[in-house]
Amino acid sequence: MDKNFQYNKPWILQRADPYVYKHTDGKYYFTASVPEYDKIVLRCSDTLEGLQEATELEVWHKHETGPMSKHIWAPEIHFLFGKWYIYYAGGEVEDIWKIRPYVLECQGDDPMKDPWIEKGKMTRAKTDEFSFEAFSLDATVFENKGKWYYIWAEKVGVGKQISNLYIAEMENGYTLATDQVLLTTPDYDWERYGFWVNEGPAVIKRNGKIFMTYSASDTGINYCMGMLTASEDSDLLDPLSWKKERYPVLSSSAEHVVYGPGHNSFTVDDEGNDILVYHARTETEIVGDPLYNPNRHAMLMKFAWKDGRPVFSYD
């Protein structure tokens with residue numbers, strides 16, 4: 001990164017839920033929710049910094065009606081099982097909160113040039129009667145010990161409902177092999193502002209540990225990041241393998257003019273430094289519904305490790 005690069009400042013404007021993936025060939029890919037919530041876009045660059053000015057390509061557009069016709073949210077691009085996939089969520093014009101998780105599969109080796117096809121809604125395991133029956137979104141995937149895992153947020157209950165995070169093992173890029181397992185529910189006050197929410201999971205592995213960050217509370221200035229930790233040798237489908245932090249690991253800072261940080265991903269810069277990619281606002285007064293205010297910007301944070309754990313700090 002350029003020595004004059006400003007961390008924790010707007011990097012890519014009006015791109016919420018930012019996801020950066022560095023492929024094995026060294027290329028960086030970027031995707032995020034756009035304010036219109038109507039399409040999926042990709043950027044590609046040889047450097048992390050270069051994503052800021054990279055040409056943005058629309059690789060998929062929402063349907064006019066039915067599934068995937070409204071609220072196209074939080075795409076992530078991954079390479080697994082030998083193919084490129086994009087995981088995203090979408091609703092329906094006829095029922096705008098009927099949010100479900102969907103999958104695109106690239107039909108070639110170049111995600112910027114080769115066509116993407118719809119694989120439909122993520123397929124749950126044959127024995128699972130519950131997953132994706134309600135408001136479901138923010139899927140991410142990660143590998144451990146040769147197995148791939150899928151983590152997502154899904155709402156349960158009545159009234160405003162509660163957004164929990166679930167995990168399952170994957171059979172392939174668009175099918176789960178096991179039943180859902182509850183990882184975390186909003187237990188603490190900082191997870192319950194506006195709505196009771198755990199969402200936006202992201203995974204980083206270091207020092208024999210798996211760290212899963214997630215976002216909590218509504219999408220305004222109370223949005224913040226929590227974290228769970230598990231040993232890479234543990235049974236990741238056992239909820240007791242995961243330890244949840246009592247307090248958020250990143251929250252708003254008036255001093256640094258960063259409000260509502262969350263929905264992050266992890267990458268490394270060109271020098272191999274660990275980088276937190278996240279969105280945040282630069283104002284406390286939000287005009288209208290926070291969900292439809294476009295001023296959530298993608299930002300970058302260089303973070304360090306202490307006692308084998310990630311430490312997120314604006315300084």
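The following questions and answers examine selected residues of this predicted model.

User: On what basis are the residues numbered, and which confidence limits and atoms apply?
Analyst: Residues are numbered from 1 along each chain as its sequence is written, and side-chain values use heavy atoms, leaving out hydrogens and water. In this predicted model, local features need pLDDT of at least 70 and side-chain atom pairs count only at pLDDT 80 or more, whereas totals for chains, interfaces and linings use all residues.

User: How many disulfides does the structure hold?
Analyst: A disulfide is a covalent bond between the sulfur atoms of two cysteines. The criterion here is a pair of cysteine sulfur atoms within 2.5 Å. The number of disulfides in the structure is 0.

User: Is Cys106 buried or exposed?
Analyst: Buried means under 20% relative accessible area, exposed over 50%, and partly exposed in between, with a 1.4 Å probe and protein chains only. Cys44, at 23%, counts as partly exposed. Cys106 has a relative accessibility of 3% and therefore counts as buried.

User: Where is Phe132 placed?
Analyst: Most residues other than glycine have a negative phi, and most peptide bonds are trans. Phe132 is not a glycine, yet its phi is positive, about 65°. Its relative accessible area of 1% makes Phe132 buried. Strands (E, at least two residues) and helices (H or I, at least four) are DSSP runs numbered from the N terminus, and Phe132 is in the loop between β8 (116–121) and β9 (136–144).

User: What is the relative accessible area of Asp307?
Analyst: Asp307 is a residue other than glycine with a positive phi, near 55°. Asp307 lies in the loop between β21 (304–306) and β22 (309–311). Asp307 is exposed, and its relative accessible area is 72%.

User: Which side chain makes a polar contact of 2.7 Å with the side chain of Glu118?
Analyst: Glu118 is in strand β8, and contact means heavy atoms within 4.5 Å. Leaving aside residues up to four places away in sequence, Glu118 touches Trp60, His63, Met68, Val103 and Leu104. A polar contact is a pair of N or O atoms within 3.5 Å; within protein, one must be able to donate a hydrogen and the other to accept it, and residues adjacent in sequence count only if both atoms are side-chain atoms. The side chains of Glu118 and Trp60 are joined by such a contact of 2.8 Å, while the partner at 2.7 Å is His63.

User: Which residues do salt bridges that share partners join into one network?
Analyst: A salt bridge is a side-chain nitrogen of Lys or Arg within 4 Å of a carboxyl oxygen of Asp or Glu. Glu56 forms one with Arg15, the closest N and O atoms being 2.8 Å apart, and another with Arg43, also at 2.8 Å. Glu56 lies in the loop between β3 and β4 and Arg43 in strand β3, so this pair ties together parts 13 residues apart in sequence. The network consists of Arg15, Arg43 and Glu56.

User: How many residues apart are Glu143 and Lys205?
Analyst: Glu143 and Lys205 form a salt bridge, with their closest N and O atoms 3.7 Å apart. Glu143 is in strand β9 and Lys205 in strand β14 (residues 196–206), and their separation is 62 residues.
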